[in-house]
Structures are given as structure tokens and as C-alpha cells.
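These are my notebook entries on a structure that I had not examined before. I began with the fold of one chain and then turned to its contact with a partner.

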Amino acid sequence: MTTVTVSVAGEDDREVELEEIAGGAPPETPTYADLLSAVELSPHEATVLVEGRPVPEDRPVEAERVTVLRLIKGG
Amino acid sequence: MTDLALDATGLERYARHVIMDEVGPEGQKRLLDGHVVVVGAGGLGSPVVQYLAAAGVGRIGIIDDDRVERSNLQRQVIHGEGDLGRPKVESAAERVADLNPDIRVDAHETRLTAETAPDLLAGADVVVDASDNFATRYLCNDFCALEGIPLSHGAIYRFEGQATTFENDGEGPCYRCLFPDAPEPGTVPNCATTGVLGVLPGTVGTIQATEAVKYLLGVGDLLDGRLLTYDAMGLSFETVEIARNPACPVCGEDPEIESIRDVSYEGRCTVPAD
């Protein structure tokens, strides 16, 4: 099992098993958008950062740890 | 003290600044010579404007095209019951005059647009984004990134706040490094539909004012390269490291945006296709 640590800023870290979110259709690798879905967020409302930089949501997950920033606009 | 050119009233007003080594008379002079533009006179703008004025930031621009409504008063503490229906910039300017008559206020009852931004933001030492919509946020970012003006960013949602500072010195990230395009309209909820804890913008806006004052003083460590998140429910803060994005459309290696005129500040705030 490949585990990715998803740190949603302001929340506790979540451990996500890639095989579980792949939908049982290997060898397709889940994308960062799938990772967001696993923590109940969508690419519209959040961005995935790897080492402080955003990664395209349609790219296969390669990192072992990601940070998720929610996009908020209120002022 | 004579270099500060303050009269007795001024010395008394800023005494708690002047006695600190990190501020002193020179630092107070830097604040009095400082020019900060605050975009938005709502929840975030209320504490920002008041703390900058009280600190003695000599020139404060305030931009907002809204008028005060009763539903604002739960969090927009620069306005009061007697201001209902008045332009927010007028109410805010009046409060500044009462707080500190040393301050010059440039009150602009208008919306920040690509057409008005050069006149309203150019020349500022720091811009504080206290707006409540993506069009203004992306415009502030793009103008400040292109012109090299430090930008304090703050945003709030329900019980959650974010703040960071983009120094725009060619080294750190900008807002588009994190969020290259705005989300599709309607996909991110706003405070009007989801609510917001009234005291939340006080906390986040005060952090923004702190960053602006520190920048003018040239002391401390700014939130450049770090994004601070605040969870009011758990009363916890977290700092996320953020880095410059080589693919950023405004400050990356091959930027698509070279002028704010290139961008359509509606929808996803992108460069329109030819």
C-alpha cells in the first residue's frame, strides 16, 4: 500500500491510501484531484502544494506528503 | 528627538513606540513618512485602517465602493449605527481623523479596476488586500507583483483565516504562485451565504496591520514565503511554507501576464484567448 500524508492547512493530517482511491483499477495512478476528493475537497476550492509549490490537479500523485490550501476570499 | 520633528503632542502620542529600541524616533519617522493603501474598508479593512492610523502611518489610502449596511456592523468595527447608508470610505476616513489628526487619508469611493489601479496603488510603500472578491484579489496581486510593491494578503471564511505577505522583491512567491487562476465563479462560498464569526476579521486584519507596520519599520520577520492559517474554533495557528512557482503566470520564468491590461478581471481572472 502506498500512503500519502495529506496536510490540510488548519486541520489534522490525513493518511490516504492510494490504492483505495484508485477505485480498484490498477495500474492507473490516482491524480492530485483524486487526493483532494479523498479529503472531501475539489480543485475549485483548494490547491495541492508539494514543497510549497502547486502541482497540476490532473497529474498522477508522486509525492509522499502534500499540503492542501483552501482558497478563501472573504474580507 | 529633534530629528523626529514632533511637537509635544506627537511625542506624547507616540511615546510607547519611541521608547522601544526597535522603533525609536527614527522608526516613528518612517511610519509618519509611510504610505499604505488599504483595499477594502470592511471586516479586514476595519482593524487595518484603525491600527495603521493609531500607529502614525502618515498617509493611508482607502478604496471601497460599498455603503454601510446594518449586516456589516457585526464585524466591520470602523463603522457604526450612525453610518448606515454612508460610503464606507467616508465613515472610515472620519474615524481616522478622530483617532489621529496627523494622518492624511485618501478616500476613494470606487472599485479597484485595471483602469483605476495605477492611479490608486502606484507609489504606495505597502498595499493591504482587505477585499472580499477574487477579481480584486487577483488585480491587487498582479499590479503589486509587476510593480514590486509589497502586498499583505488576508482572507476569512466562517471560523478560518489566512494571512501572508508577498514582498514582491523578485525572490518570494506571489498569490498566483499558489493559485494561478481564480476558481469558476460560484464555486467558492462567500461570507454572505455561509456566515463569518464577527471577531475573525479583527484577528486576521490585525496581523495584516502588524505586517505593514513591521515592513515600514524594517524590523522582524515578515510572512514572506509563509502562509499563516488561523482556526478560531480550535484557537490554533499554523504556518505553511510557500515557494515561488517557476510556472507562475505573473512572476514565473516565462510570465503570460506582463501588464494588468492583459488580464480580464472577471471569471477566472486569466488572459483572454486571442
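Before reading the order of elements, I noted that helices are DSSP runs of H or I with at least four residues, that strands are runs of E with at least two, and that both are numbered from the N terminus. I also noted that the model is a predicted one.

**Entry: fold of chain A.** I read the elements of chain A from the N terminus and found the order β-β-α-α-β-β-β. I recorded the totals for chain A as 2 helices and 5 strands. I then looked up the radius of gyration of chain A, which is 12 Å, close to the 11 Å that the globule rule gives for 75 residues, so chain A is as compact as a globular protein of that length.

**Entry: burial and surface of chain A.** I found that 47% of the 75 residues of chain A count as buried. The accessible surface of chain A is about 3,900 Å², and I noted that 42% of this belongs to carbon and sulfur atoms.

**Entry: charge of chain A.** I recorded 6 positive and 16 negative side chains in chain A, with the centres of the two sets 10 Å apart.

**Entry: contact with chain B.** Which residues of chain A supply 34% of the area that it buries against chain B? I first noted that 20 residues of chain A and 38 residues of chain B take part in the contact. The area buried between the two chains is about 2,300 Å², with 62% given by carbon and sulfur atoms. I then found that Leu71(A), Ile72(A) and Lys73(A) supply the 34%, more than any other three residues.

Note on methods
Residues numbered from 1 in each chain as written. Chains lettered and ligands numbered in written order. Predicted model: local features only at pLDDT ≥ 70, side-chain atom pairs only at ≥ 80, totals over all residues. Heavy atoms only, no water. Rg over C-alpha atoms; globule rule 2.2 N^0.38 Å. Buried < 20%, exposed > 50% of the residue type's maximum accessible area, 1.4 Å probe, protein only. Areas by Shrake-Rupley, 256 points an atom, 1.4 Å probe, with all protein chains shown as cover. Lys, Arg positive; Asp, Glu negative; His and termini not counted. Charge placed at Lys NZ, Arg CZ, Asp CG, Glu CD. Contact = heavy atoms within 4.5 Å. Buried area = accessible area lost by both parts, 1.4 Å probe.
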